[in-house]
Amino acid sequence: MTAYGAEHLVVLATTVVLAVVLTAWARRANGTERFERILTVSGWVLLTIAVFWLAWGFLPVNWNLNESLPFHFSDGLRIFAAIALITRTPWAVLVSYFWGLTLNLMSVLTPDLNYFVNPTLEFTLYWVLHVAVFLVPFVLIWGAGYRPTWKGFVLAYLITCAWAAIAMIVNAITGANYGYLSHPPRGISLLDALGPWPIYVLWELLLVAIVLALMTWPWTTRRSVTASVPVDRPGFVRRRRVATAEVTEQPAATA
């Protein structure tokens, strides 16, 4: 697929529209039992698709040592975003927010899409999964009102560094390039501006820390803290207060 060709531009435009629509819907529905059920069901659907795609890569006809192992950040993000939707566990919400709008965004803006066996299926699932995990933070953060804290920032950054370390070990053993931590992807990417390996990895660690901090700061102002309540005892995540703690949907009146 040609970057910023017709197909890519259609996907980008569709993603923007979905982000706006889903955020508006989530803000209106937040606090209802139906909203919570929809989040849970959506998480199970995402998890099912993610597991199917992982299993697809392990089939003998599809097996590729450089792609089939689940050590790209996007591979982990699909599972973590599904967990976030199903359970709203703080660490999963944090990873979905920080990875979904940064590392995953690079895959949306500068896709490294390879066709191996079934171009139609591979094209469809590449975009369905990358767009889905991009939309999850809009629903959970701007819609449902979850807010990262500075403790949450530290936790998410440590998880990111741990995942990168594991991917680099796997790369050293297999000669693969999971997480693009051995060399930049083919085509244009932001990594091209960060110098050769391993210098660009060090720059990545610094830039990720800065970007994640900037993504945390708006939610830690006095106004934001006052308008939210803690979700967990360690204080990794807060959640925006709603007018009522829970809205119970009433059945329609009968004549």
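This is a predicted model: local features need pLDDT of at least 70, side-chain atom pairs count only at pLDDT 80 or more; totals for chains, interfaces and linings use all residues.
Colleague: Where should I begin with helix 4, and how is it placed against helix 7?

Modeller: Helix 4 covers residues 90-100 and helix 7 covers residues 150-174. Their axes are 9 Å apart, and the packing angle is about 75 degrees. The two helices are therefore roughly perpendicular to each other, since angles of 65 to 115 degrees count as such.

Colleague: Which residues make that contact?

Modeller: Helix 4 contributes Trp91, Leu94, Val95, Phe98 and Trp99. From helix 7 come Gly152, Phe153, Leu155, Ala156, Ile159, Thr160 and Trp163.

Colleague: And by class, how many are nonpolar, polar or charged?

Modeller: The contact of helix 4 with helix 7 has 10 nonpolar residues, two polar residues and no charged residues.

Colleague: Let us change topic. How many aromatic pairs are there?

Modeller: The count comes to 18 aromatic pairs. One of them is formed by Phe71 and Tyr178, with 6.0 Å from centre to centre and 70 degrees between the planes, an edge-to-face arrangement.

Colleague: Where in the chain do those two sit?

Modeller: Phe71 is in the loop between helix 2 (33-58) and helix 3 (73-87), while Tyr178 is in the loop between helix 7 and helix 8 (199-216). The pair links distant parts of the chain, as its members are 107 residues apart.

Colleague: Are they buried or exposed?

Modeller: Phe71 counts as partly exposed because its relative accessibility is 22%, and the cut-off for buried is under 20%. Tyr178 is buried, with a relative accessible area of 0%.

Colleague: What about the rings of Tyr97 and Phe98?

Modeller: Their centres are 5.0 Å apart and their planes stand at 50 degrees, so this pair is tilted. Tyr97 is buried at 4% relative accessible area, and Phe98 is buried at 0%.

Colleague: Which aromatic cluster do they belong to?

Modeller: Tyr97 and Phe98 form one aromatic cluster with Phe134, Phe138, Trp142 and Trp219.

Colleague: Now the backbone. Where is there a cis peptide bond?

Modeller: A cis peptide bond joins Trp197 and Pro198, with omega about 0 degrees. Pro198 lies in the loop between helix 7 and helix 8.

Colleague: Which residues have a positive phi without being glycine?

Modeller: Arg88 is one of them, with phi near 55 degrees. Arg88 is located in the loop between helix 3 and helix 4 and counts as buried at 12% relative accessibility. Tyr180 also has a positive phi, of about 50 degrees. Tyr180 is in the loop between helix 7 and helix 8 and is partly exposed, with a relative accessible area of 22%.

Colleague: Finally, what does UniProt list as "transmembrane region"?

Modeller: The UniProt entry, which is unreviewed, lists residues 6-26, 38-59, 123-142, 154-177 and 197-217 under that heading.

Colleague: How much helix does the model have over 6-26 and 38-59?

Modeller: Residues 6-26 are 100% helix and 0% strand, with the end C-alpha atoms 30 Å apart. Residues 38-59 are 95% helix and 0% strand, and there the end C-alpha atoms are 32 Å apart.

Conventions:
Residues are numbered from 1 along each chain as its sequence is written. Side-chain values use heavy atoms; hydrogens and water are left out. Axes are lines fitted to C-alpha atoms, for helices over the stretch in contact, and angles run from 0 to 180 degrees between N-to-C directions. Helices (H or I, at least four residues) and strands (E, at least two) are DSSP runs, numbered from the N terminus. Angles under 35 degrees count as roughly parallel, over 145 as roughly antiparallel, 65 to 115 as roughly perpendicular and the rest as oblique. Contact means heavy atoms within 4.5 Å. Ala, Val, Leu, Ile, Met, Phe, Trp, Tyr, Cys and Pro count as nonpolar, Asp, Glu, Lys and Arg as charged, and the others, Gly among them, as polar. Rings of Phe, Tyr and Trp (its six-membered ring) pair if their centres lie within 6.5 Å; planes under 30 degrees apart count as stacked, over 60 as edge-to-face and the rest as tilted. Buried means under 20% relative accessible area, exposed over 50%, partly exposed in between (1.4 Å probe, protein chains only). UniProt positions are given in the numbering used here, feature names are shortened, and annotations may be inferred rather than shown by experiment.
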